[in-house]
Amino acid sequence: MNTNVTRVPVLIVGAGAVGLAASDLLAKYGVSSLLIEKRREVFLYPKARNLSFRSLEILRGLGLSDRVHAVADGVSGMVVKPTLNSADEAPAMDVDAIFAPFAGLSPEPPAQYCPQSRLEPMMLADTRRRGSQVRYATELVSFEQDDAGVTAVVRDRDSGETETVRADYLVAADGVHSPVRDSLGLTTSGYGALPIFIVFVYFKAPWRTFVPNLRDGDGVQVKNADVDGIFLVAEGDLGMFITTYLPREGETAAQFTPERCAELLTRAVGERIDMQVIEIAPWQPYERVADQFACGRVFLVGDAAHTMPPFKAGGANTGIQSADNLAWKLAAVLNDQAAPALLSTYHTERHPVGRFNAHQSLTGPSLVLLRLDDDRPQLPADEETPMLGLLAGYQYRSAAVVSGETPPAGPDAVSLVDEFRGQPGTRVPHAWIRYEGERVSTLDLLGSGFTMLTGDERWGSAVASAAAELGVSIAMHCIADDAWGAVTGLDSQGALLVRPDAFVAWRAEALPEQPEAELRQVLSSILARGEVARQHQPAMHWRSR
């Protein structure tokens, strides 16, 4: 038994898309982590296929845009056929049309194909490039926390050796059945297990001879009297068939034997071919949200915090955005820029969003498909709302946002907006502007610290003073482009203070009489520090036209 103690700032449990995002984002902010995953390898199969524009923006901030776009290049979409061997086909549901209303809100596409099997290796390589550790075939055995940190025991599943890890904080990204959440005794709310199975059947067969022009991101939906499912390319000659099943009373996932799945595939193909069923992975969706996203020094992200059915592509996207919210706050505290009280705003901001997104995933057509009972739990915002709210149209109301607006009634009520105009608590608006001779998005001006966006260079001394006194990084960009004023409604003296996660922390309509004192007070409030007496070295990066 290894009795050495490994010390890390953050221990992350679960290397799915959300755990990897948390690790990569922390590394971007200069905080190293140890990420452990009981699986022996990255996820091989193309689950969680579509990323929304807000998730794409987060990946853009990590410098991964080109790699994500390369995955989507050449993907033409999905067609519907009665059987795979049939010559008849028709266009399937047009995903691009669903997201088309959101074009122009972001420098990124409204949505883009990038399955989990391609996204995980990208973030794995990037977080390791930045110096953080990721260990597969490693499981969490136990943990305990005290006022100063978390002590965990982890085990190598191959060698059986255990190791003690001492971390300042633990982030649980360990899924819908989160052992970390359960060990903390945190309760959950929501419908729970839904009365449906989504069955992933991985097989090897010469099935692509029937669709020779099929590309890696394309899909073929087969729909006939016997079967309704989707063929996708997994890797090489490995195919994946996804179908849904509404079980009768008493039936379980064990009903999906290799023989039954082979027969389903035969009916979907339309004729018998040489076929080998490799793996069957039935999955029962849940709609369940933890009642607390934090307990002491332990934080829940992804499905451990908020799991939802895939009907509106909310799961992975909501999880990545929660990781983005938590990462900068952990980094600010660990880098002595913020007081630990800042971390309480993670639950305050993300819990209403998690509850809202989970519930919205059960509104609309999915209710008809699932035939859910009328006595299902009723959550706030019981009616289906426009999809922008699910994607990014929420407004944070917490101590990490300075605003004079009245918050909605109830701690779990979500605030929604129908446009991005630079309102405090919303994602900073996107506009294509000319800056230093180049056409860039306003989101591209954001860095790993705070950012002041304004049209008036007189803000410079206030930014420099606040950065020096508080010891935080503040980049200032003077924008002289009418597009910026048009989208924000600000004149040249106005300014937006933007947090590291691209959300507006404070909006100033004009230059205050005492800008240094006001900006210092705003930042002290956001960082939960109160008035700061001691001086720090400047950490300001001021760029103007």
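**Entry 1: a charge over a ring**

I started at tryptophan 432. The charged end of arginine 439 sits over its ring, 4.3 Å from the ring centre. I noted that I am working with a predicted model.

I then looked for another arginine placed over a ring. Arginine 260 lies over the face of tyrosine 245, and the distance to the ring centre is 4.9 Å.

**Entry 2: the whole chain**

Next I stepped back. I counted 14 helices and 29 strands in the protein chain. The chain has 545 residues, and buried residues make up 55% of them.

I also looked at how far along the sequence the contacts reach. I took contacts between residues at least 6 apart in sequence, and 72% of these join residues at least 24 apart.

**Entry 3: aromatic pairs**

How many aromatic pairs does the structure hold? I found 14. I wrote down two of these pairs in detail.

Tyrosine 245 and phenylalanine 256 form an edge-to-face pair, with 5.2 Å from centre to centre and 85° between the planes. Tyrosine 245 belongs to strand E15 (residues 238-245), while phenylalanine 256 is in the loop between E15 and helix H7 (258-269), so the pair ties together parts eleven residues apart in sequence. Are these two buried or exposed? Tyrosine 245 counts as buried because its relative accessibility is 13%, below the 20% cut-off. Phenylalanine 256 is buried too, with a relative accessible area of 6%.

Tryptophan 328 and phenylalanine 450 also pair edge-to-face, at 5.8 Å centre to centre and 85° between the planes. Here tryptophan 328 comes from helix H8 (residues 315-334) and phenylalanine 450 from strand E25 (residues 450-454), so this pair ties together parts 122 residues apart in sequence. I checked burial again. Tryptophan 328 is buried at 2% relative accessibility. Phenylalanine 450 is buried at 5%.

I also found a cluster of rings. Ring pairs link Tyr169, Phe293, Phe299 and Tyr346.

**Entry 4: the nonpolar cores**

I reminded myself of a general point: in soluble globular proteins, nonpolar side chains tend to be buried together. Then I looked up the cores here.

The largest nonpolar core has 95 residues. Which residues have the most contacts inside it? They are Leu170, Met452, Leu497 and Leu519. Helix H8 gives the most to this core, with nine residues.

Leaving out residues up to four places away in sequence, leucine 519 touches Met452, Ala462, Val463, Ala466, Leu497 and Trp506.

There is also a second, separate core of 22 residues. Among its members are Ala205, Val233, Phe256 and Ala268.

**Entry 5: helix H12**

I moved on to helix H12 (residues 460-470). Eight of its eleven residues are buried, so H12 is largely enclosed by the rest of the structure. I listed the buried ones: Gly460, Ala462, Val463, Ala466, Ala467, Ala468, Glu469 and Leu470. Just after H12 comes glycine 471, which takes a positive phi of about 70°.

**Entry 6: valine 180**

Valine 180 is in helix H6 (residues 179-184). At 1% relative accessibility, valine 180 counts as buried. What does it contact beyond its neighbours within four places in sequence? I noted Leu140, Phe143, Leu170, Ala172, Asp174 and Val298. Valine 298 is 118 residues away from valine 180 along the chain, yet their C-alpha atoms are separated by 8.7 Å.

**Entry 7: a buried glutamate**

I looked up glutamate 163 in strand E10 (residues 162-172). Glutamate 163 is buried, with a relative accessible area of 14%. Which side chain does the side chain of glutamate 163 make a polar contact with? The partner is arginine 135, at 2.6 Å.

**Entry 8: cysteines**

Last, I searched for disulfides. A disulfide is a covalent bond between the sulfur atoms of two cysteines. The structure holds zero disulfides. Cysteine 261 is buried at 1% relative accessibility. Cysteine 478 is buried as well, with a relative accessible area of 5%.

Key
Residues numbered from 1 in each chain as written. Predicted model: local features only at pLDDT ≥ 70, side-chain atom pairs only at ≥ 80, totals over all residues. Heavy atoms only, no water. Phe/Tyr/Trp six-rings, centres within 6.5 Å; stacked < 30°, edge-to-face > 60°. Helix = DSSP H or I, 4+ residues; strand = E, 2+ residues; numbered from the N terminus. Buried < 20%, exposed > 50% of the residue type's maximum accessible area, 1.4 Å probe, protein only. Lys NZ or Arg CZ within 6 Å of the ring centre and 35° of its normal. Core = buried A, V, L, I, M, F, W, Y, C linked by side-chain atoms within 4.5 Å. Contact = heavy atoms within 4.5 Å. Polar contact = N/O pair within 3.5 Å; in protein donor to acceptor, adjacent residues only side chain to side chain. Disulfide = S-S within 2.5 Å.
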